[in-house]
Amino acid sequence: MAGRIRPIGLIAATTATLFLATACGGASLGTGEGDKQNGPLKIGLLVPQSGTYKALGDDMKQGFELYVQRHGGRLGGREVEIVVADEGESADSGKAAAEKLVKQDHVLAVSGVVSSATINGVKDLFESAKVPLVGSNASPTTLTGTKYIWRTSYVNDEPGKALGKYVAEKAGGPVFLIAAGYQAGKDEVEGFKSTFLPAGGKIAGEEVYTPFPATKNFQPYLAQIERSGAKSVFCFYAGGAAVDFVKQYRDFGLAGKIPLYAPGFLTEGGVLKGQGEAAEGILTALNYGADLDNAANKQFAPAYTAAYGSAPTTYAMASWDAAQVLDKAIKSAGSTVTSETVNAAIAAVGDIDSPRGTWHFNAGGTPVQPWYLREVKQGANTVSSELVRLGG
Amino acid sequence: MYGWLDGNFVSVIDGVAFGLLLFTIAVGLSLVFGMMDVLNLAHGTLYLAGAYIAYALSDGSLWGLLLALAAGALVGACGGAALTFLTQPLARRGHLDQAVLTLGITFIVADLLAAAFGGEVLPTDPPRSLRGTVDLLGHAYPLYRLVFIGVATGLATAVYLLFERSPLGALVRATVADRDMVRALGVDIRKVLYGVFALGAALAVAGGVLGAPILGPGPGVDETVLVLSLVVVVVGGLGSVRGALVGALLIGQVQTLGVALLPEYAPFLLFGTMLAVLVVRPHGLVPSGVGA
């Protein structure tokens, strides 16, 4: 970033702005009311309310709130008060918001957390305060050995793992691997290779990591794909880069010629709208699709669409499940509801009847769950088959 | 040789398209900095505003695009005039104050745009008649990008003739070289200053309108565009139309052909090129010669 001009004054001004923003954000939220045995239980929601990840944070907040709302404002039979804190964009803003929830608001448990950097940053806080964090998104492969941190989502490399064998069997030739050049991209590609190569899959040329977030013009990479003679492409992109990549894949004539496989984020939520018809036919792996045919999803998906005007995403579904986990755990914690008794109850919560299908926590605190192959049809992700069960 | 050309032909053409897009954006930054000594870090925001205008007004027809261009030019000219008004009092206080002011404007406008259009990348497609691909030596290439090359070449020629071959351009260059002399001749200097800034800003916004199908609107695009523009200006040399063109075409090729030939060095190519140029020619490849 040598082209940028950053004198001391700029840094000072920026820091001051950010400081004020955080201070105001913190002050406007909640009032510190002591825990009473019969008063409402406080549950913290740590999700981005500002910045790049706001759209994800909204999905997660909506999924959690919908569950509580549909259960009469109660979890485990007890009235709850949801305290929302802004995760922001960075590990620092996320940590500050988590500290506030735990130390100032004295919440019983926390859900949410979008970014891997945040969950790594707050790990010690939750472990030492002995407050359960039922995370519903961020789940880096490195997060292990915790007692108070649970995830209702999945481990970062699982979407790739879920696809590997299927693509190896379907491709009928070498597959080109391309991903955003940061940790999550590498995790996904490694996960993909871990099941793709043993199943006899061949890689076309070298795997490519595009500079992130600088790459906006994918033409040279698309030319490489064309020249490599690949029969299929596996890619990992999310957010704005997912929109750029998918549209240019169509613009340069590769769509319809070389099938495009990816972890579900490529076409999940708001990005799908941005891609428009360019996304048609893209195949992705994810633990959820809004059209899944099971009893729990028939309750969840229509209610969500009616409440918020768009189909639920995996982020919303995982947050709905986080509320469900807390619901069951608080109920079984019985007469003495404390953070520690609830955490112990989460460990014994058993099967969760989820819109994604039934799942349960493994020893690492992440779900053992089904994975699905989805295809974009008429602007929506449509589940076409179940791929595999992962997490065990 | 033919095989090499055939394999990279599309990348070369795309480098020209990308380079001309960079020129349309960066020439305003270069002129305003080189001629008026105003460091405008809100330049990327002008592009972003143009891209949002294209999104809001594009209805799939060619008229929608032309309407967006007209609206963009107007918004750009007004934005440029407003920026002149705001930065003039800081003229004597140096670049740091200008940077702080214009960066502050960037934050405010970016937040306003995010509030109005949301935090996601928005779909911006070319007009219906310009969609689809054409065949270049057996490779598919988007028709819109070819049309863009034509339109941007026209714009570049017009800007070049205006600044380097017309009496008006001579007046502007004279103002840069010796304000007092030009003022003594009875010319209103302020008009020249406002005019250059308004034109530079209008070009950036127009670049946003035309570039939206290539570099679509969304949070963060303003920063990407600002950094690319600064690199183009540093490589090409400040304050000259030719410098901006040479810099933009070079960076366009680095970003397409360079990445295609040396993919493993992709993350370093952009700034590596800038570094190499700075070492060999500290004032850029084609400095204006005025005040350099």
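First, some ground rules. Residues are numbered from 1 along each chain as its sequence is written, and chains are lettered from A and ligands numbered from 1 in the order in which they are written. Because the model is predicted, local features need pLDDT of at least 70 and side-chain atom pairs count only at pLDDT 80 or more, while totals for chains, interfaces and linings use all residues; side-chain values use heavy atoms, with hydrogens and water left out.

Let's start with chain A. Its secondary structure comes to 12 helices and 15 strands. Here helices (H or I, at least four residues) and strands (E, at least two) are DSSP runs, numbered from the N terminus.

What is the radius of gyration of chain A? The value is 21 Å, which agrees with the figure near 21 Å for a compact globule of 392 residues. That radius is taken over C-alpha atoms, and the globule rule is 2.2 Å times the number of residues to the power 0.38. Along the principal axes, the C-alpha atoms of chain A fill a box of roughly 65 × 60 × 40 Å.

Now burial. Of the 392 residues in chain A, 54% count as buried. Buried means under 20% relative accessible area, exposed over 50%, and partly exposed in between, with a 1.4 Å probe and protein chains only.

Next, contacts (heavy atoms within 4.5 Å). Take those in chain A between residues at least 6 apart in sequence: 67% join residues at least 24 apart.

On to charge. Chain A carries 36 positive and 38 negative side chains. Lys and Arg count as positive, Asp and Glu as negative; His and the chain ends are not counted. The centres of the two sets lie 1 Å apart, with each charge placed at NZ of Lys, CZ of Arg, CG of Asp or CD of Glu.

Let's zoom in on helix α12 of chain A, residues 339-347. Which of its residues are buried? They are S339(A), V342(A), N343(A), A345(A) and I346(A). They cover an arc of only 160° around the axis, so they sit on the same side of α12(A). The arc is that of the directions from the helix axis to the C-beta atoms. The buried residues pack against β5 (133-135), β6 (149-151), α11 (314-333) and β13 (357-361) of chain A. Turn to the face away from the buried side, and you find the exposed residues A344(A) and A347(A).

Two backbone details now. Most residues other than glycine have a negative phi. V113(A) has a positive phi, near 70°. This residue lies in the loop between β4 (109-112) and α4 (116-129) of chain A. Buried or exposed? V113(A) is buried, at a relative accessible area of 0%. K130(A) also has a positive phi, about 55°, and is not a glycine. Its place is the loop between α4 and β5 of chain A. At 38% relative accessibility, K130(A) counts as partly exposed.

Finally, chain B. Y52(B) sits in helix α2, residues 43-57. It is buried, at 3% relative accessibility. Leaving out residues up to four places away in sequence, Y52(B) touches L113(B), F117(B), G118(B), L122(B), P217(B), G218(B) and P219(B).

N8(B) is in helix α1, residues 2-36 of chain B. This residue is buried too, at 3%. What does N8(B) touch, not counting residues up to four places away in sequence? The answer is R227(A), L257(B), A260(B) and L261(B).
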